[in-house]
Amino acid sequence: MASTTAYLDLDLCRKILLRTEEVMGSDRPKGPDNYYFEGYGLEMVEYNLRKLHDYGAISVRERIERYSGVLNYWPVLLYDKGLAFIEAARNDEVWNRALEQIEESGVQPTLKRVRRILMEMEREAI
């Protein structure tokens with residue numbers, strides 16, 4: 001079986017944060033079943049969950065015992081950094097413009113860099 005290489009996927013990070021906001025604000029169960037995204041494998045989702053956690057946007061719960069075929073990490077808390085990212089990235093048009101700007105710059109995308117660009121765009125709109 002071929003292994004996939006996980007990488008920082010900014011669209012997936014946005015989806016994870018928006019889903020986390022939705023899940024945390026609802027009465028539904030908060031477990032890993034909320035974090036399966038069409039078109040994304042488990043390795044990719046887990047990698048991006050860890051990146052969001054390392055960035056300080058979310059806190060994740062990790063299974064003590066590892067299981068194959070299920071998520072072993074999932075968000076349990078959304079921090080202020082994650083909320084600020086969501087607010088800046090909520091608008092599809094602004095989000096797409098930010099991604100275009102990053103692509104055109106040729107620099108390595110990071111969550112910090114994307115958030116900074118989003119915040120600048122938000123300030124310009126005011």
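A salt bridge here is a side-chain nitrogen of Lys or Arg within 4 Å of a carboxyl oxygen of Asp or Glu. Searching the whole structure with that cut-off gives 5 salt bridges, and this tour visits some of them. One heads-up before you click: this is a predicted model, where local features need pLDDT of at least 70 and side-chain atom pairs count only at pLDDT 80 or more, while totals for chains, interfaces and linings use all residues. Residues are numbered from 1 along each chain as its sequence is written, and side-chain values use heavy atoms, with hydrogens and water left out.

**Stop 1: helix 1 and helix 3**

Select residues 10–24 for helix 1 and residues 80–89 for helix 3; their axes come within 10 Å and cross at roughly 110°. That makes helix 1 roughly perpendicular to helix 3 (the label covers 65 to 115 degrees). Helices are DSSP runs of H or I, at least four residues, numbered from the N terminus. The axes are lines fitted to C-alpha atoms over the stretch in contact, with angles running from 0 to 180 degrees between N-to-C directions.

Now show side chains. R14, L17, L18 and E21 of helix 1 meet G82, F85, I86, E87 and A89 of helix 3, contact being heavy atoms within 4.5 Å. By class, this contact has 5 nonpolar, 1 polar and 3 charged residues; Asp, Glu, Lys and Arg count as charged, Ala, Val, Leu, Ile, Met, Phe, Trp, Tyr, Cys and Pro as nonpolar, and the others, Gly among them, as polar.

**Stop 2: R14 and D92**

D92 is in helix 4 (residues 92–105) and R14 in helix 1, so the pair ties together parts 78 residues apart in sequence. Buried or exposed, which is R14? R14 is buried, at 13% relative accessible area, while D92 is partly exposed at 48%. Buried means under 20%, exposed over 50% and partly exposed in between, using a 1.4 Å probe and protein chains only.

**Stop 3: E21 and R90**

Next, pick R90 and E21, a salt bridge with its closest N and O atoms 2.9 Å apart. This pair also links distant parts of the chain: R90 sits in the loop between helix 3 and helix 4, and E21 in helix 1, 69 residues away. R90 is partly exposed at 35%, and E21 is partly exposed at 25%.

**Stop 4: R28 and E22**

Finally, select R28 and E22, whose salt bridge has its closest N and O atoms 3.2 Å apart. Both ends are partly exposed, R28 at 33% relative accessibility and E22 at 44%.

Methods. Helix = DSSP H or I, 4+ residues; strand = E, 2+ residues; numbered from the N terminus. Parallel < 35°, antiparallel > 145°, perpendicular 65-115°, else oblique.
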